[in-house]
Amino acid sequence: MGFWNRQKKILMGFGAFLAFMFVCTLVSRAVYASKLPQVTVDTPRRMALDHTVKAEGIVHPGREYAVTALAGLRVRTVYANVGDHVMPETLLFDLDMEDLKQKIQEKELEIKKCQLQIASMEQNRSLDTQRQKTENERALEDYARADAQSGESLARAREDLEDAEDAYDDHKDHGVQTTPEEERKAQQEAYEEWVNKGTELQKILEDAKKRYDDALEEVKRLEASGVSPNPELPEVPSSESSEDAGEGEAGDSEEKQEAAEEQALQEARRVAEEAGKQWETAAAAYEAHMKNPVQKPDFSAEDAEESAWNSKKESLKDEVEAARRALEEAEKSRSNVLLEEERKVEDTEQAADTDSSLEVMRLELSSLQTELSAYKKVQDASGQVYPEAEGIVTRIQVSPGERVGDGAALVYADLTSSMQFQVSLSKEQKKYVNQGDTAELVLGSSGAKELKVDYVAENDMNPELYDARVFLPDGTGTIGQSGSFQVKAQSETFSCCIPLNALHVDSNQREFVYIVSERAGILGTELVAEQIYVKVLDRNDSYAAIEEGVIDRETELIVGTTEELDDRVAIRYKE
């Protein structure tokens, strides 16, 4: 029983603790929420943006006229002032007549000098023309003389060539008579055949003589050995004495030997006799051959005559070539000489170097005469300057005692033409104002009028500004009157437009918005301000159109807050 009582007390204590913690949590949440920034939210919407361009401007004259005077003249008196109403008979200013008179004298002196220079140039040009004519005539004479002389030289060169060619042709027609090569060859062969045969017979004779001498020597040898001479054989002289007859009576062996020797001697004598006959026959044949000699052919005279003829032929041929080269040189020389002389003629016929100084002086004289005429016209008007029509003086560019400069001396507005209202616009304003748009114009205390914008262009002095002009109806506005200019324009329809107070800019000039987002906290889910960068497409005084994709039509945008916000800071809705 005691155990359950203790458990019951523990449970009751734990429940009391939980209840206390719950109450603390509620109190803590209430305290935490009370310190959070309170925000007002809005959602993007689909809409077109309205733009209103307002600017202040001034009425300007519609048409202005310039009053000019000759530059360089001194002004004596200025009678008009800016803003004066002038008529055609109103004297604007007059010029110093003494100064004008001096200017006229200076111009007359310049004209006289110019006329003298022109006369001198014309005379020099005439002399140059005559000189060129004389040079041309002389060049033509030189050309004719060179033509005649070179023609004569060319004719002589042709004659020399013809003479050389005739002499060459005549020499070729009277050639020398020479033995034909075939006949020369035949004679040479006959002579060589005779010589060869003589040599052959001489050798045969020498061989026969040698054989005969050898045979006689053999006979003499045998006779010298003791063989008795045979009267039938030719006798061979012997210096040896015969041996005693008693020795001839030797034995049989000696007789046989003697018989053999005798037989050998007889054979030797027969051979010697036969060799003598052959020698005599060979000697007779050689002698008969030498008695009918063949003369060695000699064509040196013919060759010398032919060589002399050929030498003269080459000499005449060289003379022909020399004459032909001389003719070519004469033709080339004639061509060069005539070309040179022809160029000299062309040079004399060419126009002289371009010299426009005379024409320039004539133009200058004409300009001086025009200026003098203008000065005299001013002199005739006594130096007084009047406007051409009725108007209001808007600008004066001359002063007493000063000289008139270039450009307008005085400008006045034409009162008969329509006025125009001019206003300056910034680049941002120019986006919504274009030529042809309708503008609401208020001049002074008059009521508003709807007029068309007639002209929009970049300002010449400041490229950051644009000039817009509205041509006013006749009888509307006065010069210098102030007025207000207003143009309303509507942009295209954008899908995502937000209130302008929801848009912020950071230190880097990037634009962003705060949207309501959720996150998990220690006390549960809480709301936070999330910073989102956006791209602005267009804006007016109340709304801005931003590029879609970053936020959508359901996104809650923070458009108001009780405290300054930071990214991811906790917030609560404003009660």
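1. In strand β20, the residue bridged to R539 is A544. Strand β19 (residues 536–539) and strand β20 (residues 543–546) run antiparallel and are joined by three bridges. The two strands form a hairpin, with three residues between β19 and β20. Strands are taken here as DSSP runs of E with at least two residues, helices as runs of H or I with at least four residues, and both are numbered from the N terminus. Two strands are said to pair if DSSP finds at least two bridges between them.

2. The model is predicted, so local features are reported at pLDDT of at least 70 and side-chain atom pairs at pLDDT 80 or more, while totals for chains, interfaces and linings use all residues. Residues are numbered from 1 along each chain as its sequence is written, and side-chain values use heavy atoms, with hydrogens and water left out.

3. An open sheet is made of four strands in the order β3-β9-β8-β5, with antiparallel pairing. Strands β3 (64–67) and β5 (85–86) stand at the edges with a single partner strand each, so one side of each has no neighbour in the sheet. The pairing of β5 with strand β8 (residues 391–396) is antiparallel and rests on two bridges. Within this pairing, V86 stands opposite G391 of β8. As background, strands of a sheet pair through backbone hydrogen bonds, either parallel or antiparallel.

4. Q509 has a positive phi of about 65 degrees and is placed in the loop between β16 (504–505) and β17 (511–521). Q509 counts as exposed because its relative accessibility is 63%; the classes are buried under 20% relative accessible area, exposed over 50%, and partly exposed in between, with a 1.4 Å probe and protein chains only. R568 has a positive phi of about 70 degrees and belongs to the loop between β21 (557–561) and β22 (569–573). With a relative accessible area of 33%, R568 is partly exposed.

5. The count of salt bridges comes to 29, a salt bridge being a side-chain nitrogen of Lys or Arg within 4 Å of a carboxyl oxygen of Asp or Glu. In one of them, E110 pairs with K107, and the closest N and O atoms are 3.8 Å apart. Both E110 and K107 lie in helix α2, three residues apart, about one turn of the helix. E110 counts as partly exposed at 35% relative accessibility, whereas K107 counts as buried at 14%.

6. Which residue meets R269 in a salt bridge? The partner is E223, at 2.5 Å from N to O. R269 lies in helix α5 (residues 252–291) and E223 in helix α3 (residues 181–224), so the pair ties together parts that are 46 residues apart in sequence. R269 and E223 are both buried.

7. Helix α6 (residues 300–349) holds E321 and R324, which are three residues apart and therefore separated by about one helical turn. These residues form a salt bridge, with 3.1 Å between the closest N and O atoms. E321 is partly exposed, with a relative accessible area of 32%, and R324 counts as partly exposed at 29% relative accessibility. Elsewhere, salt bridges with shared partners join R74, D99 and R403 into one network.

8. A negative surface patch is formed by E159, D160, E162, D163, D166, D169, D170 and D173. Patches consist of residues with over 30% relative accessible area and no salt bridge, with like charges joined within 9 Å and nonpolar side chains (Val, Leu, Ile, Met, Phe, Trp, Tyr) within 5 Å. Asp and Glu count as negative and Lys and Arg as positive, while His and the chain ends are not counted. The place of a charge is NZ of Lys, CZ of Arg, CG of Asp or CD of Glu. Accessible areas come from the Shrake-Rupley method with a 1.4 Å probe, and for residues only the protein chains shown count as cover.

9. E122 and S225 are 103 residues apart in sequence, and their C-alpha atoms are 150 Å apart in space.
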